[in-house]
Structure formats: C-alpha cells, structure tokens
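Let's take a friendly walk through a structure, one step at a time.

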Protein chains: 2
Amino acid sequence: MAELNVDPYADLYARRTSGMSASEVRALFAVASRPEVVSLAGGMPYVQGIPQEDVFDVVAHVVSEQASTALQYGGGQGMPALRERLAMLMREEGTEADPEDMVVTTGAQQALDLVGKVLIDPGDEIVVEAPSYVGALSAFSAYEPRFIQIELDDNGMVVERLEEALVKGARPKFVYTVPNFHNPAGVTMSTARREQLVALCREAHIPIVEDNPYGLLRFEGRSEPTLRSMDPQNVIYLGTVSKVFSPGLRVGWALSEPGVLQRMILAKEAADLCGSSFTMLVTERYLSGGRWRKNLQGLVDVYRSRRDAPQGGRDAPPRVVRDTRVRGDRPRIQRPDSPEEGGRHDGHRPRLSCLGQQTARAWV
Amino acid sequence: MAELNVDPYADLYARRTSGMSASEVRALFAVASRPEVVSLAGGMPYVQGIPQEDVFDVVAHVVSEQASTALQYGGGQGMPALRERLAMLMREEGTEADPEDMVVTTGAQQALDLVGKVLIDPGDEIVVEAPSYVGALSAFSAYEPRFIQIELDDNGMVVERLEEALVKGARPKFVYTVPNFHNPAGVTMSTARREQLVALCREAHIPIVEDNPYGLLRFEGRSEPTLRSMDPQNVIYLGTVSKVFSPGLRVGWALSEPGVLQRMILAKEAADLCGSSFTMLVTERYLSGGRWRKNLQGLVDVYRSRRDAPQGGRDAPPRVVRDTRVRGDRPRIQRPDSPEEGGRHDGHRPRLSCLGQQTARAWV
C-alpha cells in the first residue's frame with residue numbers, strides 16, 4: 001500500500017489496524033478467479049449447479065408474496081422462519097438446535113467476527129489449528145489475541161498437544177476448530193478425537209467454537225457427530241448456506257447458549273443493525289420443500305467427480321496445491337507435470353491435499 | 001437479561017461487552033412496529049411506496065441475466081458498477097465522488113462500525129452531537145471511546161463549543177455529524193456552520209465523519225452543500241440506499257481518502273468477507289434508468305403529506321414525540337390530546353420535533 005506513505009492520518013489509526021494487510025482471503029479469491037484454475041482447487045462454490053428456474057421461482061415468490069417484508073428492516077436476531085430452516089439443516093447432521101438459540105449472520109464470517117468481538121480482549125489467548133482457516137485468523141486478529149496453534153494430523157486436531165499447552169499454563173478464551181473437511185488441510189476429526197476434545201474443554205471450562213461449513217458436502221461414508229451435539233452447553237456452533245445454496249446471499253448463523261448469544265445479537269445490531277430481509281426470505285423459501293436436497297446432491301456429485309477426475313497430462317489445467325501440514329496455507333499454482341510437484345507429492349502425500357476422507361475446497 | 005445471572009461464561013467476555021445492553025435501536029424499532037404508531041413518527045421507511053412491479057422487473061433481470069454472479073462471492077470493496085450508481089446519487093446533491101474511493105457496506109451502520117474499528121483505540125476521544133444517532137453510539141461504543149458531546153441548536157452543531165473543547169485540550173480522533181435532517185433532533189446544519197466546522201477540523205487535523213442518509217428526502221428548499229464537497233480530503237462520507245430505495249437490501253457505502261479506505265476494506269473483509277452480490281446487483285439495476293427518481297419523488301410526497309397532516313383529535317393515532325434538545329432521544333408514545341403534550345409543546349416548540357426545515361424520521 002504505497003499510498004500510505006503520505007497518509008495524512010497515519011497517526012490516527014487504531015492499534016488493531018497495524019496487523020491488517022492485504023487480505024489472505026482476497027489473495028486466495030484472486031487465484032480462484034483465474035480462468036485457468038479449476039474451481040475445485042481454488043475456492044468458489046459451483047453456484048451454476050443451482051438451476052436458474054429454482055432461483056427464479058423462489059425470488060418470484062418472495063417479491064409477489066412478501067415484498068414489503070423483504071424490502072424492510074428486520075430484527076437483529078434474524079427471521080424466526082429462516083432460523084427454523086437452519087435448525088432443519090443442522091438436524092440433517094444429527095444436531096438438535098433450537099431456533100431461539102440462533103442468530104443469523106452475514107455468512108459464517110460475520111459469526112467469526114462477532115465471536116471475536118464478544119470474547120477477545122487484547123492479549124487474550126485463543127487456540128486455533130495449525131494451519132487454520134485464514135478468514136478466521138483475519139476476523140479474530142482485529143481483536144488482538146495471542147494465537148496458540150495446535151497441530152493437525154490425519155485425525156484432526158492433536159488434542160494431546162492442547163492438553164500439554166493447558167498444563168503449561170495456557171488459558172485460552174476458546175478453542176476454534178473446523179472439524180469436517182478442514183480448510184485448508186482437508187482432514188476430518190475422528191470420533192475419538194472429538195470425544196477427547198469435548199471432554200478436555202469441558203473439564204477446563206473452555207468453550208469450543210465449531211465452524212462447520214462443509215459438513216453436508218460429504219462425498220461418502222457416514223457423518224461424524226458434531227461437537228455441538230456432543231456437548232451443547234460448551235460449543236458455539238457456526239454454520240452457513242454458502243456451500244449448500246449460495247455465498248452471494250451472505251446467510252450464515254451462530255448457535256450458542258443464551259449469555260454468548262445475547263451478546264452476539266447486540267454486537268450484530270451495533271455492526272449492521274440487521275441482516276438483509278430479502279436474502280433471508282429467499283433462503284427460507286429455497287430451504288422449504290425438497291429442491292434444496294436434490295440440488296445439493298447434484299453439487300456433491302460434481303465435487304466428487306472433480307476429485308476423482310484423472311490428473312491429466314501436460315494439457316490438464318493447473319491446480320492450486322496446498323500441502324498444508326508442512327508449509328501453511330499459501331496456495332501455489334503449478335502444472336501437474338511440473339518438477340516441483342513430482343518432488344513434493346510423492347507416495348506419502350496425496351496430490352491434491354486429499355488428506356482426509358475427502359477435501360472440500362470451497363470457502364465459507 | 002436475567003439468564004445472565006447464571007451465565008457459565010460470565011468471566012470470559014471481552015471488556016467491550018460490558019457497555020452492551022438491550023439495543024436502543026431495537027427499542028425504537030419495537031415502538032415503530034406497533035400498529036397504532038404512524039410510521040412518520042417511529043422509524044420504518046415507507047417501502048410500500050416502491051411499486052411491486054418495479055421490484056419484480058429488477059429482480060427478474062438479475063436472475064435471468066446475472067444469476068451466477070448474484071449467487072457467488074464478490075470482492076470486499078463492492079461491485080464497480082454499483083459504486084458508479086452510488087456516485088451518481090452523490091452527484092444529485094452536488095458531491096463529486098470517485099467510485100474507486102468507495103467501499104460498499106451492509107447499510108450505513110456497517111460503515112459506522114468500520115470507522116470505529118479503524119480509528120478508535122480504547123480511551124480515544126471522539127466528538128458526537130448531543131443528541132446523536134443511537135445506532136452510531138452503539139457502533140462506536142464497541143471500540144470503547146470517550147464521547148465528547150457537542151450541543152445542537154436550530155442550525156446544527158454549535159461549532160463554537162467544539163472549538164472551546166479543542167482549546168481546553170480535547171484531541172478527538174474524529175467528529176461525527178448528521179448534518180441533514182438530523183436523527184433524532186430534526187435540525188439541518190446551516191451553510192455558515194458547515195463552513196465553520198470544515199475550517200476548524202481542517203486546521204485541527206481532525207477528520208469529519210459525515211453521515212447523510214436523508215439528504216435526498218428534502219421536502220422543500222435547496223440542498224445545503226455536503227461537508228464532503230467542501231473538503232474532500234478531510235471528510236469520510238457515509239451513505240445508504242435505505243431511504244432512497246430499501247433498507248431490507250442492506251446497501252450503504254463509505255467514501256474516503258485511500259489510507260482510511262484501504263483499512264476499511266480490510267476490516268470489511270475480516271468482518272464478513274464481502275457484501276451480498278445479489279442485493280448489490282438488485283440495487284445497481286434499480287438505480288439505473290429513471291424509475292428510482294420517480295419513486296423517490298413519490299416517497300418524498302408521502303413523507304411531506306404526513307408532516308402536513310392535521311394533528312386530529314382524540315381519534316388520531318398516537319405519535320412518538322421526541323423533544324430531543326431537552327431530554328435526549330428516548331421515544332414516548334402519547335396521544336395528541338394528552339395533557340403532557342399540551343404542556344410541553346407550547347409556542348416555542350414544534351409538536352412533532354420538526355425543529356429544522358423538516359424532520360426525516362426514518363432510520364439509517
């Protein structure tokens with residue numbers, strides 16, 4: 001940001017801005033938007049998979065039946081009818097949710113921001129995975145925490161390392177995890193690790209922030225139980241319709257116990273008064289009836305076929321490869337036949353960072 | 001919030017949450033939603049004034065021509081084509097704006113939050129008007145400033161009082177003002193006061209945050225120049241389509257010099273990645289062509305006729321009366337014939353807090 005050299009306000013910025021630099025998320029989006037990058041690799045959901053006539057039906061219904069509501073302010077917690085539908089999505093993964101315990105947010109990203117705003121004082125410790133979702137790090141960083149990074153292996157967060165950190169005196173405000181199809185690592189936390197994490201955090205009185213954008217994109221096998229279902233009192237659950245329907249509507253949510261929830265609603269109202277009534281009604285209508293389920297199956301089929309596609313030769317499109325266990329989460333674009341890939345992706349490592357049961361590469 | 005008494009996380013909340021209580025804005029919305037309160041008095045824009053067929057046309061165009069873009073993520077700064085339209089709105093009030101200097105936000109409320117996030121460290125002084133828009137106080141409070149309140153009279157902020165505060169050693173990070181049809185005071189800043197404020201802040205090297213949701217709702221007379229047009233280098237301008245079109249789409253914006261702007265974009269990305277592509281495209285389409293101007297004239301006519309309506313007798317609907325110069329901005333519901341009103345609204349005070357040229361009672 002060269003123009004900042006002559007910035008007349010250089011002495012006025014808040015301390016929290018000193019850590020702000022060109023967004024990591026933006027950098028990844030920029031890579032994903034390049035036409036030669038297949039979307040499996042980079043990050044954009046395959047919204048073309050949602051039939052246009054379904055979108056039209058839904059939107060036409062909202063405009064003809066609910067225009068005054070759609071164009072007006074709504075409450076800060078989000079529409080009750082939509083929260084019912086979001087609770088239904090959670091039941092698909094075996095998690096009971098009371099819509100009263102929910103706040104609708106501008107994508108799950110805003111839920112991350114509100115968690116940070118409500119829980120983090122400057123200097124507070126919080127636990128994140130190594131690597132962690134870059135958007136979460138951006139959101140939390142604004143509140144100036146100290147990050148305690150806990151490594152991942154093929155079964156998710158290595159909970160023994162967290163326990164060691166606690167024994168050594170770490171007192172984190174919360175533990176942040178993406179247990180399903182981790183972005184960027186691709187791993188899914190095993191049942192045993194989930195039980196271990198939930199028990200440890202309960203004992204240590206540390207809330208867990210469970211970020212689950214990809215749970216319903218499972219290609220095969222059975223779902224792991226959500227952490228929230230294992231300990232509703234101690235887990236703040238974050239969800240989004242970005243992968244199930246559309247990220248362009250910016251509808252996500254947080255589910256929490258009343259103390260945290262009420263503060264998140266107040267923080268939400270201070271941040272933007274309320275979400276868009278229009279996109280909430282569109283999402284509510286889309287999730288009523290059966291089409292969302294059929295379309296989601298279509299999306300999952302597309303993502304699975306991309307994973308299974310032959311890697312191709314010299315003419316295959318380049319892909320973004322992130323071997324996230326070793327070097328963090330910066331994407332590199334390389335051709336499948338490049339020498340570097342041959343060297344790094346040997347027999348021990350999958351070529352497309354499919355480290356777990358599958359890799360869901362779309363973004364929150 | 002009685003449930004907080006047994007809150008297991010009572011020791012975990014960030015310090016900034018201690019000032020959070022049931023939102024003032026929410027309290028006002030609740031009053032305005034009561035069917036017996038006419039919307040002039042309480043706060044909701046008259047969205048029924050936007051013809052349904054216009055909304056349908058616009059939305060049908062977006063779905064049929066731009067569905068993939070509408071459903072997908074967008075950039076953190078907001079769509080260039082929309083920013084062009086928002087610059088056009090600003091030109092309607094005689095203010096030149098470069099779309100490159102703009103970030104699209106979730107209503108003007110998010111712009112207020114981002115200004116606070118980028119500029120306020122805990123304990124910093126900021127200048128607000130007395131009374132001030134409650135949503136702005138909520139947004140800024142999350143960053144723990146000390147508020148310096150400067151009184152209003154019929155010509156807007158009494159700039160001499162600000163000058164006195166600076167002489168006594170106040171060093172505010174910025175001055176926040178709603179110069180047109182102030183919410184809740186109803187006053188409009190005179191040209192002379194604008195010149196005085198701009199000159200003082202420039203000399204003192206204090207940026208002005210100009211919040212102008214109501215400028216285009218003028219009932220009569222000519223527009224005052226925006227502060228931004230008088231000193232583009234030292235004014236952060238906030239706008240919204242909530243009053244011109246619809247608050248349910250949550251489209252607002254900030255216009256600023258590059259240093260502040262770049263930080264606001266980064267803070268926006270950390271807060272919610274990006275705005276809704278869908279509502280941005282709908283807004284862009286609505287503001288192209290001539291219908292927005294015709295519909296806005298219709299809205300202004302409705303608001304003017306409400307202001308001019310006879311006050312009625314015992315059967316007239318109760319109204320929210322805020323005599324904001326005297327008692328702050330808490331609404332009271334009273335019947336026109338109530339003894340209290342007779343006592344308070346004597347010859348010196350207008351009955352509906354029309355303190356300035358008009359009162360715009362809708363919300364940001």
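In this predicted model, 70 residues of chain A are in contact with 70 residues of chain B. Which helices of chain A supply at least two residues each to the side that touches chain B? They are helix 1 (24-32), helix 3 (52-71), helix 5 (107-119), helix 6 (134-141), helix 10 (258-272) and helix 11 (277-287). Helix 10 of chain A gives the most, with eleven residues. Sorted by class, the side of chain A that touches chain B holds 36 nonpolar, 21 polar and 13 charged residues.

Now move to chain B and look at a pair of helices. Two packed helices are described by the angle between their axes and the distance between the axes. Here, helix 5 (residues 107-119) of chain B packs with helix 6 (residues 134-141) of chain B at an angle of about 35°, and their axes are 8 Å apart. The crossing of helix 5 and helix 6 of chain B is right-handed. Helix 5 of chain B brings Gln109(B), Leu112(B), Asp113(B) and Gly116(B) to the contact, while helix 6 of chain B brings Gly135(B), Ala136(B), Ala139(B) and Phe140(B). By class, this contact of helix 5 with helix 6 of chain B has four nonpolar, three polar and one charged residues.

Back in chain A, let's find a strand. Is strand 8 (residues 252-255) of chain A covered or uncovered on its faces? Both faces are covered: Gly252(A) and Ala254(A) on one side are buried, and so are Trp253(A) and Leu255(A) on the other. Strand 1 (residues 102-105) of chain A pairs with strand 8 of chain A in the antiparallel sense over four bridges, and Met102(A) stands opposite Leu255(A). Strand 7 (residues 235-240) of chain A also runs antiparallel to strand 8 of chain A, joined to it by four bridges. There, Thr240(A) stands opposite Gly252(A).

Our last stop is helix 8 (residues 191-204) of chain A. Its 14 residues reach 20 Å from the first C-alpha to the last, close to the 20 Å expected at 1.5 Å a residue. Which residues of helix 8 of chain A are buried? They are Arg193(A), Arg194(A), Gln196(A), Leu197(A), Val198(A) and Cys201(A). These buried residues pack against strand 4 (156-157), helix 7 (159-167), strand 5 (175-177), strand 6 (208-211) and helix 9 (227-230) of chain A. Just after helix 8 of chain A, His205(A) takes a positive phi of about 60°.

Definitions and conventions. Residues are numbered from 1 along each chain as its sequence is written. Chains are lettered from A and ligands numbered from 1 in the order in which they are written. This is a predicted model: local features need pLDDT of at least 70, side-chain atom pairs count only at pLDDT 80 or more; totals for chains, interfaces and linings use all residues. Axes are lines fitted to C-alpha atoms, for helices over the stretch in contact, and angles run from 0 to 180 degrees between N-to-C directions. A crossing is left-handed if the near helix is turned anticlockwise from the far one by less than a right angle, and right-handed if clockwise. Two residues are in contact if their C-beta atoms, placed from the backbone, lie within 7 Å. Ala, Val, Leu, Ile, Met, Phe, Trp, Tyr, Cys and Pro count as nonpolar, Asp, Glu, Lys and Arg as charged, and the others, Gly among them, as polar. The expected span of a helix is 1.5 Å times one less than its number of residues. A residue is buried if 20 or more other C-beta atoms lie within 10 Å of its own, exposed if 12 or fewer, and partly exposed in between; C-beta atoms are placed from the backbone. Two strands pair if DSSP finds at least two bridges between them.
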